[in-house]
Amino acid sequence: MGKRKKIEITELHAEDISSDGRAVGRNEGRAVFVKDMVPGDNARVRVFRKRKSYLEAELLELNEASPNRIEAKCEHFAHCGGCKWQNFEYSKLVELKDRHVRTGFQKLAHWEPEVYEDIIPAATHYRYRNKLEFTFSNRRWLSPEEIESGEDFEHRNAVGFHVAGMFDKVIDVHKCLLQGDEENAIRNGLRDFALEHKLSFYDIRENNGVMRNLIIRNNSSRDLLVIMVFGSENQKDIDQVMNYLKDSFEIHSLNYIVNLKQNDSVSDQEVIYFSGETHLIEDLLGMKFRIQPKSFFQTNQEQTSKLYQVGLDYADFKEDDILYDLYCGTGTIGLTAAKKVKKLIGVEYVEDAVEDAAENAKLNGVTNAEFYAGDLKDILNEEFVEKHGKPSVIMIDPPRAGMHKDVVEQVRLIGADRIVYISCNPSTQARDIELLKNDYNFLKSRAVDMFPQTSHIENVVLLKKK
Ligand SMILES: C[S@@+](CC[C@H](N)C(=O)[O-])C[C@H]1O[C@@H](n2cnc3c(N)ncnc32)[C@H](O)[C@@H]1O
(Lines give C-alpha, C1' and ligand atoms only; values in the text may rest on other atoms or scores of the structure.)
Protein backbone atom coordinates (compact mmCIF):
# COMPACT_ATOMS: atom_id res chain seq x y z
CA MET A 1 0.00 0.00 0.00
CA GLY A 2 1.44 3.39 -0.99
CA LYS A 3 2.08 6.13 1.56
CA ARG A 4 -0.59 8.80 1.74
CA LYS A 5 0.66 12.08 0.29
CA LYS A 6 0.98 14.85 2.84
CA ILE A 7 -1.15 17.86 1.95
CA GLU A 8 0.53 21.20 1.43
CA ILE A 9 -1.18 24.53 1.93
CA THR A 10 0.62 27.03 -0.23
CA GLU A 11 -0.71 30.21 1.37
CA LEU A 12 -1.58 29.97 5.03
CA HIS A 13 -2.18 33.26 6.77
CA ALA A 14 -1.63 33.06 10.55
CA GLU A 15 -3.94 35.32 12.49
CA ASP A 16 -4.05 34.08 16.07
CA ILE A 17 -2.19 32.23 18.83
CA SER A 18 -3.18 28.96 20.50
CA SER A 19 -2.98 28.20 24.20
CA ASP A 20 -0.03 25.87 23.57
CA GLY A 21 1.99 28.56 21.84
CA ARG A 22 1.38 27.79 18.16
CA ALA A 23 0.19 30.20 15.49
CA VAL A 24 -3.31 29.59 14.11
CA GLY A 25 -4.55 30.13 10.58
CA ARG A 26 -7.62 28.89 8.73
CA ASN A 27 -7.96 26.61 5.73
CA GLU A 28 -11.34 25.80 4.19
CA GLY A 29 -13.08 26.58 7.47
CA ARG A 30 -10.71 24.54 9.65
CA ALA A 31 -8.20 25.91 12.13
CA VAL A 32 -4.58 25.08 11.26
CA PHE A 33 -2.02 25.00 14.10
CA VAL A 34 1.61 25.66 13.13
CA LYS A 35 4.77 25.92 15.21
CA ASP A 36 7.38 28.58 14.26
CA MET A 37 4.91 30.97 12.60
CA VAL A 38 3.67 34.21 14.18
CA PRO A 39 0.34 35.99 13.54
CA GLY A 40 0.63 38.01 10.34
CA ASP A 41 2.95 35.50 8.63
CA ASN A 42 1.96 34.06 5.30
CA ALA A 43 3.58 30.68 4.66
CA ARG A 44 3.63 27.42 2.81
CA VAL A 45 2.99 24.61 5.28
CA ARG A 46 2.63 20.83 5.23
CA VAL A 47 -0.19 19.14 7.14
CA PHE A 48 0.99 16.25 9.34
CA ARG A 49 -2.21 15.63 11.31
CA LYS A 50 -5.79 15.86 10.15
CA ARG A 51 -8.74 16.04 12.51
CA LYS A 52 -12.40 16.78 11.90
CA SER A 53 -12.28 20.35 13.14
CA TYR A 54 -8.60 21.24 12.85
CA LEU A 55 -5.29 20.49 11.15
CA GLU A 56 -1.73 20.49 12.46
CA ALA A 57 1.01 21.52 10.07
CA GLU A 58 4.72 22.27 9.88
CA LEU A 59 6.24 25.38 8.40
CA LEU A 60 7.98 24.80 5.06
CA GLU A 61 8.67 28.30 3.82
CA LEU A 62 7.66 31.84 4.72
CA ASN A 63 6.04 33.60 1.74
CA GLU A 64 5.79 36.85 3.61
CA ALA A 65 6.91 37.60 7.14
CA SER A 66 4.56 39.32 9.55
CA PRO A 67 5.32 43.01 10.14
CA ASN A 68 5.11 42.07 13.84
CA ARG A 69 7.90 39.52 13.73
CA ILE A 70 10.84 40.60 15.88
CA GLU A 71 14.15 39.05 16.74
CA ALA A 72 14.06 36.75 19.78
CA LYS A 73 16.60 37.74 22.44
CA CYS A 74 17.27 34.33 23.96
CA GLU A 75 20.00 32.09 22.56
CA HIS A 76 17.85 29.01 23.36
CA PHE A 77 14.67 30.39 21.80
CA ALA A 78 14.49 28.10 18.77
CA HIS A 79 14.30 24.93 20.86
CA CYS A 80 13.35 25.78 24.44
CA GLY A 81 9.61 25.61 25.01
CA GLY A 82 9.59 28.39 27.62
CA CYS A 83 9.00 31.79 26.02
CA LYS A 84 7.19 30.95 22.81
CA TRP A 85 6.36 34.48 21.66
CA GLN A 86 9.71 36.22 22.05
CA ASN A 87 9.73 36.71 18.29
CA PHE A 88 6.36 38.50 18.20
CA GLU A 89 5.72 42.19 18.93
CA TYR A 90 4.60 42.40 22.55
CA SER A 91 1.84 44.98 22.08
CA LYS A 92 0.20 42.72 19.46
CA LEU A 93 0.53 39.66 21.69
CA VAL A 94 -1.24 41.51 24.48
CA GLU A 95 -4.08 42.46 22.11
CA LEU A 96 -4.57 38.83 21.14
CA LYS A 97 -4.50 37.61 24.73
CA ASP A 98 -7.13 40.18 25.66
CA ARG A 99 -9.27 39.10 22.70
CA HIS A 100 -9.07 35.49 23.86
CA VAL A 101 -10.51 36.42 27.24
CA ARG A 102 -13.44 38.13 25.53
CA THR A 103 -14.18 35.35 23.05
CA GLY A 104 -13.95 32.89 25.96
CA PHE A 105 -16.80 34.65 27.74
CA GLN A 106 -18.84 34.79 24.53
CA LYS A 107 -18.35 31.15 23.60
CA LEU A 108 -18.08 29.39 26.95
CA ALA A 109 -20.10 31.49 29.38
CA HIS A 110 -22.52 32.98 26.81
CA TRP A 111 -22.32 35.95 29.12
CA GLU A 112 -20.26 39.14 28.99
CA PRO A 113 -19.45 41.89 31.45
CA GLU A 114 -21.05 45.30 31.32
CA VAL A 115 -17.52 46.71 31.03
CA TYR A 116 -14.27 45.24 29.77
CA GLU A 117 -11.49 47.26 31.30
CA ASP A 118 -8.21 47.62 29.40
CA ILE A 119 -5.71 44.82 29.81
CA ILE A 120 -2.72 45.66 32.03
CA PRO A 121 0.41 44.71 30.09
CA ALA A 122 3.61 43.58 31.79
CA ALA A 123 6.06 46.39 32.41
CA THR A 124 9.05 44.03 32.51
CA HIS A 125 9.48 41.37 29.85
CA TYR A 126 12.63 39.66 31.08
CA ARG A 127 13.87 38.56 34.53
CA TYR A 128 10.31 38.59 35.75
CA ARG A 129 10.16 35.13 37.31
CA ASN A 130 10.85 34.75 41.01
CA LYS A 131 10.96 30.96 40.71
CA LEU A 132 12.51 28.60 38.16
CA GLU A 133 13.09 24.88 38.25
CA PHE A 134 15.89 23.29 36.24
CA THR A 135 16.46 19.62 35.51
CA PHE A 136 19.77 17.74 35.44
CA SER A 137 19.83 14.99 32.85
CA ASN A 138 22.28 12.62 31.19
CA ARG A 139 20.22 12.89 27.99
CA ARG A 140 21.05 16.29 26.64
CA TRP A 141 18.92 17.29 23.69
CA LEU A 142 21.04 17.50 20.54
CA SER A 143 20.37 20.19 17.97
CA PRO A 144 19.75 19.09 14.35
CA GLU A 145 23.23 20.49 13.50
CA GLU A 146 24.87 18.38 16.23
CA ILE A 147 23.09 15.26 15.01
CA GLU A 148 24.13 15.95 11.41
CA SER A 149 27.76 16.53 12.43
CA GLY A 150 27.97 12.84 13.40
CA GLU A 151 30.25 13.86 16.29
CA ASP A 152 30.76 11.48 19.24
CA PHE A 153 30.10 13.27 22.50
CA GLU A 154 32.14 12.45 25.58
CA HIS A 155 28.97 12.73 27.67
CA ARG A 156 25.41 13.98 27.22
CA ASN A 157 25.01 15.68 30.62
CA ALA A 158 22.92 18.84 30.75
CA VAL A 159 21.08 21.14 33.13
CA GLY A 160 18.19 23.22 31.88
CA PHE A 161 14.60 22.77 30.75
CA HIS A 162 12.77 19.86 29.16
CA VAL A 163 12.30 20.25 25.42
CA ALA A 164 8.62 20.86 24.68
CA GLY A 165 6.90 17.52 24.13
CA MET A 166 9.97 15.42 25.07
CA PHE A 167 9.86 14.20 28.66
CA ASP A 168 13.33 12.67 28.55
CA LYS A 169 15.35 15.37 26.74
CA VAL A 170 16.80 18.46 28.38
CA ILE A 171 18.21 21.59 26.75
CA ASP A 172 21.52 22.61 28.27
CA VAL A 173 20.69 26.16 29.31
CA HIS A 174 23.59 28.58 29.66
CA LYS A 175 21.62 31.77 29.97
CA CYS A 176 17.95 32.05 30.84
CA LEU A 177 16.58 35.57 30.53
CA LEU A 178 13.74 34.90 32.95
CA GLN A 179 16.05 35.38 35.94
CA GLY A 180 19.20 37.39 36.66
CA ASP A 181 22.96 36.83 36.36
CA GLU A 182 23.28 35.38 39.87
CA GLU A 183 20.72 32.65 39.21
CA ASN A 184 22.39 31.82 35.88
CA ALA A 185 25.78 31.67 37.58
CA ILE A 186 24.48 29.19 40.19
CA ARG A 187 23.08 26.80 37.57
CA ASN A 188 26.17 27.04 35.36
CA GLY A 189 28.50 26.73 38.35
CA LEU A 190 26.73 23.57 39.50
CA ARG A 191 27.04 22.02 36.05
CA ASP A 192 30.80 22.69 35.96
CA PHE A 193 31.27 21.49 39.54
CA ALA A 194 29.36 18.25 38.90
CA LEU A 195 31.30 17.55 35.69
CA GLU A 196 34.64 18.29 37.35
CA HIS A 197 33.86 16.03 40.34
CA LYS A 198 32.32 13.30 38.19
CA LEU A 199 28.95 13.48 39.92
CA SER A 200 26.30 11.69 37.88
CA PHE A 201 23.42 13.58 36.22
CA TYR A 202 19.94 12.14 36.63
CA ASP A 203 18.95 9.28 34.33
CA ILE A 204 15.20 9.41 33.88
CA ARG A 205 14.86 5.86 32.56
CA GLU A 206 16.97 4.25 35.29
CA ASN A 207 15.77 6.63 38.03
CA ASN A 208 19.26 7.25 39.35
CA GLY A 209 21.94 9.96 39.39
CA VAL A 210 23.18 12.37 42.07
CA MET A 211 22.22 15.70 40.49
CA ARG A 212 18.46 15.80 39.87
CA ASN A 213 16.78 19.24 40.03
CA LEU A 214 17.58 22.79 41.01
CA ILE A 215 14.95 25.27 42.20
CA ILE A 216 15.93 28.93 42.48
CA ARG A 217 13.60 31.50 44.01
CA ASN A 218 14.18 35.19 44.62
CA ASN A 219 12.41 38.20 46.08
CA SER A 220 12.36 41.80 44.95
CA SER A 221 15.34 42.64 47.20
CA ARG A 222 17.22 39.99 45.18
CA ASP A 223 17.68 37.58 48.10
CA LEU A 224 17.97 34.03 46.80
CA LEU A 225 16.46 30.80 48.09
CA VAL A 226 17.95 27.65 46.57
CA ILE A 227 16.74 24.05 46.81
CA MET A 228 19.08 21.45 45.33
CA VAL A 229 17.28 18.17 44.66
CA PHE A 230 19.41 15.00 44.78
CA GLY A 231 18.52 11.66 43.26
CA SER A 232 20.82 9.81 45.67
CA GLU A 233 21.20 9.58 49.46
CA ASN A 234 25.01 9.55 49.39
CA GLN A 235 25.75 12.14 52.07
CA LYS A 236 29.35 12.66 50.95
CA ASP A 237 28.17 13.76 47.49
CA ILE A 238 25.38 15.87 48.97
CA ASP A 239 27.71 17.68 51.38
CA GLN A 240 30.25 18.29 48.66
CA VAL A 241 27.67 19.99 46.43
CA MET A 242 26.00 21.93 49.25
CA ASN A 243 29.33 23.23 50.57
CA TYR A 244 30.25 24.31 47.06
CA LEU A 245 27.00 26.32 46.82
CA LYS A 246 27.45 27.81 50.29
CA ASP A 247 31.07 28.85 49.69
CA SER A 248 30.68 30.10 46.12
CA PHE A 249 27.45 32.14 46.09
CA GLU A 250 25.58 34.58 48.26
CA ILE A 251 22.49 32.52 49.02
CA HIS A 252 20.01 33.81 51.58
CA SER A 253 18.41 30.42 52.21
CA LEU A 254 20.10 27.18 51.15
CA ASN A 255 18.23 23.87 51.29
CA TYR A 256 18.13 20.44 49.74
CA ILE A 257 15.77 17.54 49.10
CA VAL A 258 16.50 13.88 48.43
CA ASN A 259 14.00 12.61 45.88
CA LEU A 260 14.27 8.89 45.09
CA LYS A 261 10.81 8.64 43.47
CA GLN A 262 10.16 8.12 39.77
CA ASN A 263 8.67 11.60 39.33
CA ASP A 264 10.15 15.05 39.89
CA SER A 265 7.40 16.43 42.12
CA VAL A 266 8.81 17.44 45.50
CA SER A 267 5.59 18.65 47.13
CA ASP A 268 5.55 15.49 49.29
CA GLN A 269 9.29 15.45 50.04
CA GLU A 270 11.07 16.79 53.13
CA VAL A 271 13.09 19.97 52.68
CA ILE A 272 16.39 19.83 54.58
CA TYR A 273 17.67 23.19 55.65
CA PHE A 274 21.40 23.65 55.03
CA SER A 275 22.47 27.25 55.72
CA GLY A 276 21.35 30.89 55.92
CA GLU A 277 17.72 31.71 56.69
CA THR A 278 14.83 29.24 56.46
CA HIS A 279 12.73 31.46 54.17
CA LEU A 280 12.50 34.65 52.12
CA ILE A 281 10.39 37.69 52.98
CA GLU A 282 8.57 39.45 50.12
CA ASP A 283 6.83 42.84 50.20
CA LEU A 284 3.50 43.11 48.43
CA LEU A 285 1.16 46.11 48.59
CA GLY A 286 2.71 47.28 51.87
CA MET A 287 2.50 43.85 53.54
CA LYS A 288 5.23 41.31 54.25
CA PHE A 289 4.95 37.67 53.27
CA ARG A 290 7.04 34.69 54.35
CA ILE A 291 8.04 32.39 51.49
CA GLN A 292 9.21 28.95 52.63
CA PRO A 293 11.03 26.68 50.17
CA LYS A 294 7.82 24.93 49.01
CA SER A 295 5.24 27.71 49.57
CA PHE A 296 3.15 28.82 46.61
CA PHE A 297 3.77 32.45 45.67
CA GLN A 298 2.74 34.16 42.44
CA THR A 299 5.78 33.99 40.15
CA ASN A 300 5.74 37.54 38.73
CA GLN A 301 5.94 39.82 41.74
CA GLU A 302 5.66 43.13 39.88
CA GLN A 303 2.46 42.11 38.08
CA THR A 304 1.02 40.41 41.16
CA SER A 305 0.67 43.78 42.91
CA LYS A 306 -1.28 45.06 39.90
CA LEU A 307 -3.44 41.94 39.73
CA TYR A 308 -4.32 42.06 43.42
CA GLN A 309 -4.99 45.79 43.18
CA VAL A 310 -7.60 45.15 40.47
CA GLY A 311 -9.19 42.51 42.75
CA LEU A 312 -9.16 44.84 45.76
CA ASP A 313 -10.68 47.71 43.76
CA TYR A 314 -13.39 45.41 42.40
CA ALA A 315 -14.25 44.15 45.90
CA ASP A 316 -14.83 47.73 47.12
CA PHE A 317 -14.58 46.72 50.78
CA LYS A 318 -16.68 48.16 53.60
CA GLU A 319 -15.75 48.02 57.30
CA ASP A 320 -18.44 45.48 58.15
CA ASP A 321 -17.64 43.08 55.29
CA ILE A 322 -16.94 39.44 55.98
CA LEU A 323 -14.49 38.27 53.35
CA TYR A 324 -13.92 34.66 52.29
CA ASP A 325 -10.62 34.11 50.45
CA LEU A 326 -11.07 30.76 48.67
CA TYR A 327 -7.98 28.87 47.39
CA CYS A 328 -6.05 31.32 49.54
CA GLY A 329 -2.55 29.77 49.29
CA THR A 330 -0.38 31.57 51.85
CA GLY A 331 -3.13 34.14 52.40
CA THR A 332 -1.70 36.86 50.20
CA ILE A 333 -4.87 38.24 48.58
CA GLY A 334 -7.03 38.16 51.69
CA LEU A 335 -4.36 39.59 53.95
CA THR A 336 -3.86 42.62 51.70
CA ALA A 337 -7.57 43.31 52.32
CA ALA A 338 -7.84 42.22 55.98
CA LYS A 339 -7.44 45.66 57.52
CA LYS A 340 -10.32 47.01 55.44
CA VAL A 341 -12.87 44.38 56.55
CA LYS A 342 -14.42 43.05 59.76
CA LYS A 343 -13.29 39.47 59.31
CA LEU A 344 -11.27 37.36 56.88
CA ILE A 345 -11.69 33.61 56.44
CA GLY A 346 -9.25 31.82 54.14
CA VAL A 347 -9.48 28.24 52.86
CA GLU A 348 -6.74 26.26 51.17
CA TYR A 349 -5.90 22.57 50.96
CA VAL A 350 -2.11 22.64 51.39
CA GLU A 351 -1.55 22.58 55.14
CA ASP A 352 1.89 24.21 55.00
CA ALA A 353 0.39 27.12 53.06
CA VAL A 354 -2.30 27.53 55.72
CA GLU A 355 0.42 27.64 58.39
CA ASP A 356 2.21 30.28 56.32
CA ALA A 357 -1.00 32.26 56.00
CA ALA A 358 -1.43 32.32 59.80
CA GLU A 359 2.23 33.30 60.18
CA ASN A 360 1.81 36.02 57.54
CA ALA A 361 -1.17 37.41 59.46
CA LYS A 362 1.02 37.68 62.61
CA LEU A 363 3.88 39.22 60.65
CA ASN A 364 1.55 42.01 59.55
CA GLY A 365 -0.33 42.53 62.82
CA VAL A 366 -3.57 41.19 61.30
CA THR A 367 -5.82 39.89 64.09
CA ASN A 368 -9.15 39.41 62.31
CA ALA A 369 -8.12 36.52 60.03
CA GLU A 370 -8.57 32.75 60.31
CA PHE A 371 -7.30 30.16 57.87
CA TYR A 372 -8.54 26.61 57.38
CA ALA A 373 -6.98 23.64 55.61
CA GLY A 374 -9.15 21.38 53.50
CA ASP A 375 -10.55 20.64 50.08
CA LEU A 376 -13.12 23.35 49.34
CA LYS A 377 -15.45 20.73 47.96
CA ASP A 378 -15.67 19.19 51.45
CA ILE A 379 -15.17 22.17 53.69
CA LEU A 380 -17.36 24.88 52.18
CA ASN A 381 -20.86 23.94 53.33
CA GLU A 382 -23.79 25.36 55.27
CA GLU A 383 -22.27 24.44 58.61
CA PHE A 384 -19.03 26.26 57.75
CA VAL A 385 -20.93 29.39 56.77
CA GLU A 386 -23.07 29.23 59.90
CA LYS A 387 -19.96 28.98 62.04
CA HIS A 388 -17.95 31.74 60.38
CA GLY A 389 -20.68 34.08 59.21
CA LYS A 390 -22.15 34.68 55.78
CA PRO A 391 -19.59 36.47 53.61
CA SER A 392 -20.52 39.71 51.88
CA VAL A 393 -17.51 39.32 49.57
CA ILE A 394 -15.94 36.13 48.21
CA MET A 395 -12.56 36.26 46.49
CA ILE A 396 -11.72 33.16 44.49
CA ASP A 397 -8.35 32.25 42.97
CA PRO A 398 -8.36 28.58 41.93
CA PRO A 399 -5.68 26.64 40.02
CA ARG A 400 -5.84 26.35 36.20
CA ALA A 401 -8.46 23.62 36.36
CA GLY A 402 -10.90 26.11 37.89
CA MET A 403 -13.47 25.28 40.55
CA HIS A 404 -15.17 21.98 41.24
CA LYS A 405 -18.81 22.38 40.16
CA ASP A 406 -20.01 21.56 43.70
CA VAL A 407 -17.95 24.50 44.98
CA VAL A 408 -19.48 26.83 42.40
CA GLU A 409 -22.92 25.63 43.49
CA GLN A 410 -22.05 26.24 47.13
CA VAL A 411 -20.83 29.75 46.27
CA ARG A 412 -24.11 30.36 44.46
CA LEU A 413 -26.11 29.17 47.48
CA ILE A 414 -24.09 31.35 49.87
CA GLY A 415 -25.11 34.34 47.79
CA ALA A 416 -22.43 36.87 48.79
CA ASP A 417 -23.09 40.42 47.58
CA ARG A 418 -19.86 40.55 45.53
CA ILE A 419 -17.72 37.83 43.98
CA VAL A 420 -14.25 38.64 42.70
CA TYR A 421 -12.88 35.73 40.69
CA ILE A 422 -9.19 35.84 39.76
CA SER A 423 -8.09 33.20 37.29
CA CYS A 424 -4.98 32.06 35.45
CA ASN A 425 -7.19 30.24 32.94
CA PRO A 426 -10.00 32.34 31.46
CA SER A 427 -11.61 29.26 29.85
CA THR A 428 -12.33 27.55 33.17
CA GLN A 429 -13.26 30.93 34.64
CA ALA A 430 -15.88 31.40 31.89
CA ARG A 431 -17.17 27.84 32.42
CA ASP A 432 -17.51 28.41 36.19
CA ILE A 433 -19.19 31.78 36.15
CA GLU A 434 -21.81 30.65 33.67
CA LEU A 435 -23.29 28.66 36.56
CA LEU A 436 -23.85 31.92 38.46
CA LYS A 437 -25.66 33.68 35.65
CA ASN A 438 -29.18 33.53 37.11
CA ASP A 439 -28.14 34.95 40.46
CA TYR A 440 -25.51 37.54 39.59
CA ASN A 441 -24.87 40.49 37.30
CA PHE A 442 -21.53 40.43 35.50
CA LEU A 443 -20.17 43.94 36.03
CA LYS A 444 -16.50 44.01 35.02
CA SER A 445 -13.60 42.06 33.65
CA ARG A 446 -9.93 42.99 33.40
CA ALA A 447 -6.99 40.96 32.16
CA VAL A 448 -3.48 41.30 33.60
CA ASP A 449 -0.44 39.94 31.79
CA MET A 450 1.69 38.02 34.26
CA PHE A 451 3.59 35.94 31.70
CA PRO A 452 4.95 37.99 28.78
CA GLN A 453 6.10 35.96 25.75
CA THR A 454 3.70 33.15 26.56
CA SER A 455 0.05 32.55 25.65
CA HIS A 456 -0.96 32.65 29.34
CA ILE A 457 -3.10 35.41 30.77
CA GLU A 458 -4.62 36.18 34.17
CA ASN A 459 -8.13 37.63 34.40
CA VAL A 460 -10.23 39.24 37.14
CA VAL A 461 -14.03 39.47 37.08
CA LEU A 462 -16.56 41.17 39.34
CA LEU A 463 -20.01 39.68 39.85
CA LYS A 464 -22.70 41.46 41.90
CA LYS A 465 -25.72 39.73 43.45
CA LYS A 466 -28.96 40.52 41.64
C1 LIG B 1 -3.59 29.93 41.90
S2 LIG B 1 -3.19 29.44 43.53
C3 LIG B 1 -3.71 30.88 44.41
C4 LIG B 1 -3.04 31.10 45.72
C5 LIG B 1 -3.22 32.47 46.34
N6 LIG B 1 -4.56 32.97 46.19
C7 LIG B 1 -2.20 33.45 45.81
O8 LIG B 1 -2.54 34.38 45.08
O9 LIG B 1 -1.01 33.28 46.12
C10 LIG B 1 -4.44 28.26 43.86
C11 LIG B 1 -4.39 27.65 45.24
O12 LIG B 1 -5.50 26.76 45.38
C13 LIG B 1 -5.13 25.64 46.17
N14 LIG B 1 -6.10 24.57 45.87
C15 LIG B 1 -6.17 23.84 44.74
N16 LIG B 1 -7.23 23.01 44.79
C17 LIG B 1 -7.86 23.23 45.96
C18 LIG B 1 -9.02 22.67 46.57
N19 LIG B 1 -9.71 21.73 45.96
N20 LIG B 1 -9.39 23.14 47.77
C21 LIG B 1 -8.68 24.11 48.38
N22 LIG B 1 -7.56 24.68 47.85
C23 LIG B 1 -7.15 24.24 46.66
C24 LIG B 1 -3.69 25.41 45.74
O25 LIG B 1 -2.98 24.68 46.72
C26 LIG B 1 -3.16 26.84 45.56
O27 LIG B 1 -2.58 27.33 46.74
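**View 1. V45 stands opposite L59 in strand β5.** This is a predicted model, in which local features need pLDDT of at least 70, side-chain atom pairs count only at pLDDT 80 or more, and totals for chains, interfaces and linings use all residues. Residues are numbered from 1 along each chain as its sequence is written. Strands (E, at least two residues) and helices (H or I, at least four) are DSSP runs, numbered from the N terminus. Two strands pair if DSSP finds at least two bridges between them. Strand β4 (residues 42-50) pairs with β5 in the antiparallel sense, over 8 bridges. A hairpin of 3 residues links β4 to β5. Strand β3 (residues 30-34) runs parallel to β5 (residues 54-64), and 4 bridges join them. On this side, V34 is opposite A57 in β5.

**View 2. Seven strands form an open sheet with mixed pairing.** The order is β9-β8-β7-β10-β11-β12-β13. At the edges are β9 (170-172) and β13 (272-276), each of which pairs on one side only. Neighbouring strands are turned by 30 degrees against each other on average, direction ignored. Axes are lines fitted to C-alpha atoms, for helices over the stretch in contact, and angles run from 0 to 180 degrees between N-to-C directions. Strands β11 (residues 224-230) and β12 (residues 253-258) run parallel and are joined by 6 bridges. V229 has I257 in β12 as its bridge partner. In a regular strand the side chains alternate between the two faces of the sheet.

**View 3. S275 belongs to strand β13.** A residue is buried if 20 or more other C-beta atoms lie within 10 Å of its own, exposed if 12 or fewer, and partly exposed in between, with C-beta atoms placed from the backbone. S275 counts as partly exposed because it has 14 C-beta neighbours inside 10 Å. Leaving out residues up to four places away in sequence, S275 touches K246 and L254; contact requires C-beta atoms, placed from the backbone, within 7 Å.

**View 4. Helix α11 (residues 426-434) has the buried residues P426, Q429, A430, D432 and I433.** These residues lie on the same side of α11, because they cover an arc of only 165 degrees around the axis. The arc is that of the directions from the helix axis to the C-beta atoms. The buried residues of α11 pack against α1 (90-109), α10 (405-414), β20 (418-423) and β22 (458-465).

Conventions
Two residues are in contact if their C-beta atoms, placed from the backbone, lie within 7 Å.
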